[in-house]
Amino acid sequence: SYYVSNLAELRPDLLAQAMKDAKLRAEAIMAATGGKVGSVIAVKSGPTQVTSPDSTDTAAGGYYDTSTIEKTISITVTVAFKTK
């Protein structure tokens, strides 16, 4: 079995990247409607998915594939923004 030994260290950066992506997506949606994204109202972190490369495996409580050395790690955040 192959595990990611530094997952706890990686998680803060993964969450930061997910937040940046959420803001970019919100800005794209608001630009299409003529609005602007304001400050964050609420954030919810989703489960961490550790999969083999190119896998589509996920689970509601998280997924952890131990069958391969190479891994893809993803994390989801749900963010509510104020709008202007």
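Modeller: A pocket, on a 1 Å grid over the protein atoms alone, is an open set of points where a 1.4 Å probe fits, with protein on both sides within 12 Å along at least five of seven lines, and its lining residues have an atom within 4 Å of a point. This model is predicted, so local features need pLDDT of at least 70 and side-chain atom pairs count only at pLDDT 80 or more, while totals for chains, interfaces and linings use all residues. Residues are numbered from 1 along each chain as its sequence is written, and side-chain values use heavy atoms, leaving out hydrogens and water.

Biologist: Thanks! Which element gives the most to the lining of the largest pocket?

Modeller: Ala18, Asp21, Ala22, Arg25 and Ala26 are among the lining residues, as are Ile75, Val77 and Phe81. Helix α1 and strand β3 each supply at least two residues; helices (H or I, at least four residues) and strands (E, at least two) are DSSP runs numbered from the N terminus. With seven residues, the top contributor is β3.

Biologist: How many residues of that lining are nonpolar?

Modeller: The pocket has a volume of about 150 Å³. Its lining includes two polar and two charged residues; Asp, Glu, Lys and Arg count as charged. The nonpolar residues number eight.

Biologist: How far does helix α1 reach from its first C-alpha to its last?

Modeller: Helix α1 covers residues 7–33, which is 27 residues. The expected span is 1.5 Å times one less than the number of residues. Helix α1 comes close to that expectation, reaching 39 Å.

Biologist: Which strands do the buried residues of α1 pack against?

Modeller: Buried means under 20% relative accessible area (1.4 Å probe, protein chains only). In α1 the buried residues are Leu7, Leu14, Ala18, Ala22, Ala26 and Met30. Residues three or four places apart in an α-helix point the same way, because there are 3.6 residues a turn. The partners of the buried α1 residues are β1 (37–51), β2 (63–64) and β3 (72–83).

Biologist: What is the relative accessible area of glycine 38?

Modeller: Glycine 38 lies in strand β1. Beyond its neighbours within four places in sequence, glycine 38 is in contact (heavy atoms within 4.5 Å) with Phe81, Lys82, Thr83 and Lys84. Glycine 38 counts as buried because its relative accessible area is 16%.

Biologist: And threonine 51, what is its relative accessibility?

Modeller: Threonine 51 is also placed in strand β1. Leaving aside neighbours within four places in sequence, threonine 51 touches Asp57, Tyr63, Asp65, Glu70, Lys71 and Thr72. Threonine 51 is buried, because its relative accessibility is 6%.

Definitions and conventions
Buried means under 20% relative accessible area, exposed over 50%, partly exposed in between (1.4 Å probe, protein chains only). Grid points are joined across faces, edges and corners, and a volume is the space filled by probe spheres set on the points.
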